[in-house]
Amino acid sequence: VTRESHFFLLQLWGRLVSSVPYLKGDRPSRLEVYVPDIAQTFVQSRLELAKGVVETPDSVEDPLEDDEMLVSQLESLPVLVRSSYEKLGPFLVSVFGRVFG
């Protein structure tokens, strides 16, 4: 798994969520089951990476130095969060409350 693959997967999930209003048929998409877990895992992994950058700056590549990847994250993540805000809102408040609280 490469560093870029995480961002491509995040974009893929963002596009899948964006396409939900255009789905035809009666079958559920099941995205509401998977998207909250994907978004939570992504946020937690980014926080762990940030912690690693701060604690041992020479051993981990700083993701904030890659503008293209950062923009990709900032464009894709809100799509996922909006689609499952009821589940992700409290999670984000809890996580960032611990980080900044």
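**H2 against H3.** I looked up how helix H2 (residues 31–55) meets helix H3 (residues 67–83) in this predicted model, and found that their axes come within 9 Å and cross at roughly 140°. Axes here are lines fitted to C-alpha atoms, for helices over the stretch in contact, with angles running from 0 to 180 degrees between N-to-C directions, and helices are DSSP runs (H or I, at least four residues) numbered from the N terminus. H2 and H3 are therefore oblique to each other, since angles under 35 degrees count as roughly parallel, over 145 as roughly antiparallel, 65 to 115 as roughly perpendicular and the rest as oblique.

I then listed the contact (heavy atoms within 4.5 Å): H2 contributes Val35, Ala39, Phe42, Val43 and Arg46, and H3 contributes Gln73, Leu77, Leu80 and Ser83.

**H3 against H4.** I noted that H3 packs against helix H4 (residues 85–100) at an angle of about 115°, the axes being 6 Å apart, which makes H3 roughly perpendicular to H4. From H3 the contact takes Leu80, Val81, Arg82 and Ser83, and from H4 it takes Tyr85, Leu88 and Leu92.

**Glu75.** I checked Glu75, which is found in H3, and recorded it as exposed, with a relative accessible area of 55% (buried is under 20%, exposed over 50%, partly exposed in between, with a 1.4 Å probe and protein chains only). Glu75 and Leu23 lie 52 residues apart in sequence and 22 Å apart in space, C-alpha to C-alpha.

**Basis.** Residues are numbered from 1 along each chain as its sequence is written, and side-chain values use heavy atoms, leaving out hydrogens and water. Local features need pLDDT of at least 70 and side-chain atom pairs count only at pLDDT 80 or more, while totals for chains, interfaces and linings use all residues.

Terms used
Helices (H or I, at least four residues) and strands (E, at least two) are DSSP runs, numbered from the N terminus.
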